[in-house]
Amino acid sequence: MNIKVFFSLFLFVLLSFVKGQKLEFKAPDYSLIQKNIEDKSSEFYYPKLLRRLKENDTLLTSNQYRHLYFGYTFQKEYKPYKTGKKAEEVAKYYRGEGISQKDLSKGIQLFLDALDENPLDLRTMNYLAYLYHLNNDDSTAKKIAGNFHGLLSAVLTSGDGLTCETGFHVISVTDEYVLLNRFQMETKSQSMKGKCDYHEFEKGLYKIPGLYFDVSTFYGKIGD
């Protein structure tokens with residue numbers, strides 16, 4: 001997805017919250033997605049799509065990103081609570097430690113390794129794009145940022161987050177915070193409500209009291 005297109009969508013979503021407008025969205029059809037990604041003759045065949053993602057293909061469509069994101073839940077590697085082998089090293093970068101010009105190459109390789117473990121880790125992908133930018137490789141940074149925005153848009157168009165029934169569908173808790181960070185929204189508390197994670201905001205801080213994230217895929221409740 002073109003980055004400008006994504007930010008137009010992002011702004012539209014934000015304005016819809018502020019003005020109370022209804023945003024068009026569509027919850028993922030997991031059964032159809034599974035059928036498509038297992039069909040070797042389909043444009044959505046998962047190994048082919050994943051290879052294109054890893055190669056930073058700039059021609060991936062919004063529907064292909066949607067199949068990539070939600071289709072990952074059908075891969076044997078999918079473990080929503082898995083901790084990466086280099087999680088502590090990665091965390092140091094998130095905390096702003098060790099980011100100097102001489103450490104950029106090491107940091108980039110670290111985040112590339114982390115993406116090899118979990119190619120749909122949005123937070124890692126976003127930070128890797130930032131590291132490439134710091135390393136004056138804006139061409140690669142834009143390609144990775146395009147992947148990040150394409151995948152995040154799959155979440156943004158999966159619901160409106162205003163009720164549990166229309167919650168944003170996510171495949172990991174981390175992705176909830178990625179989305180909240182993009183909106184620059186701070187959570188007062190987090191709790192489970194039915195099949196959803198609910199993030200409550202300080203009363204009166206935003207135009208909405210909180211956001212719902214559908215996490216049913218974590219617990220094998222797809223189709224219930």
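In the predicted model, Leu151 is in contact with Leu53, Tyr65, Leu68, Tyr69, Leu120, Leu122 and Met125, neighbours within four places in sequence being left aside. Leu151 also belongs to the largest nonpolar core, a set of 54 residues, where it is listed with Leu68, Tyr69, Leu120, Leu179 and Leu211 as touching the most other members. The element that gives the most to this core is helix 8 (residues 138-156), with 9 residues. In soluble globular proteins, nonpolar side chains tend to be buried together.

The secondary structure consists of 9 helices and 4 strands, which follow one another along the sequence in the pattern α-α-α-α-α-α-α-α-β-α-β-β-β. Of the 224 residues of the protein, 46% count as buried. When contacts between residues at least 6 apart in sequence are considered, 57% of them join residues at least 24 apart.

Helix 2 (residues 30-37) has Tyr30, Ile33, Asn36 and Ile37 as its buried residues. Viewed down the helix axis, these buried residues fall within an arc of 125°, and they therefore line one face of helix 2. An α-helix has 3.6 residues a turn, so residues three or four places apart point the same way. The buried residues of helix 2 pack against helix 3 (46-54), helix 4 (62-71) and strand 1 (168-169). Ser31 and Lys35 are exposed and are carried on the face of helix 2 turned away from its buried side.

The largest pocket holds about 630 Å³ of space. Its lining comprises 27 residues, of which Lys82, Gly84, Asn118, Asp121 and Thr174 are the closest to the pocket centre. Two or more lining residues are given by each of helix 5 (87-94), helix 6 (104-117), helix 7 (122-134) and helix 9 (173-182). Helix 5 supplies the largest share of the lining, 4 residues. By residue class, the lining of the largest pocket divides into 13 nonpolar, 6 polar and 8 charged residues.

Asp214 is located in strand 4 (residues 210-214). With a relative accessibility of 2%, Asp214 falls under the 20% limit and therefore counts as buried. The C-alpha atom of Asp214 is separated by 8.0 Å from that of Thr166, a residue 48 positions away along the chain.

Two loop residues have backbone angles of note. Most residues other than glycine have a negative phi, and most peptide bonds are trans. Asn56, in the loop between helix 3 and helix 4, has a positive phi near 60° and is not a glycine. Gln184, likewise not a glycine, has a positive phi of about 55°. Gln184 is placed in the loop between helix 9 and strand 2 (189-193). At 69%, the relative accessible area of Gln184 is over the 50% limit, so this residue counts as exposed.

Technical notes. Residues are numbered from 1 along each chain as its sequence is written. This is a predicted model: local features need pLDDT of at least 70, side-chain atom pairs count only at pLDDT 80 or more; totals for chains, interfaces and linings use all residues. Side-chain values use heavy atoms; hydrogens and water are left out. On a 1 Å grid over the protein atoms alone, a cavity is a set of points where a 1.4 Å probe fits but cannot get out, and a pocket is an open set with protein on both sides within 12 Å along at least five of seven lines; lining residues have an atom within 4 Å of a point. Grid points are joined across faces, edges and corners, and a volume is the space filled by probe spheres set on the points. Ala, Val, Leu, Ile, Met, Phe, Trp, Tyr, Cys and Pro count as nonpolar, Asp, Glu, Lys and Arg as charged, and the others, Gly among them, as polar. Buried means under 20% relative accessible area, exposed over 50%, partly exposed in between (1.4 Å probe, protein chains only). The arc is that of the directions from the helix axis to the C-beta atoms. Contact means heavy atoms within 4.5 Å. A nonpolar core is a set of buried Ala, Val, Leu, Ile, Met, Phe, Trp, Tyr and Cys residues joined through side-chain atoms within 4.5 Å.
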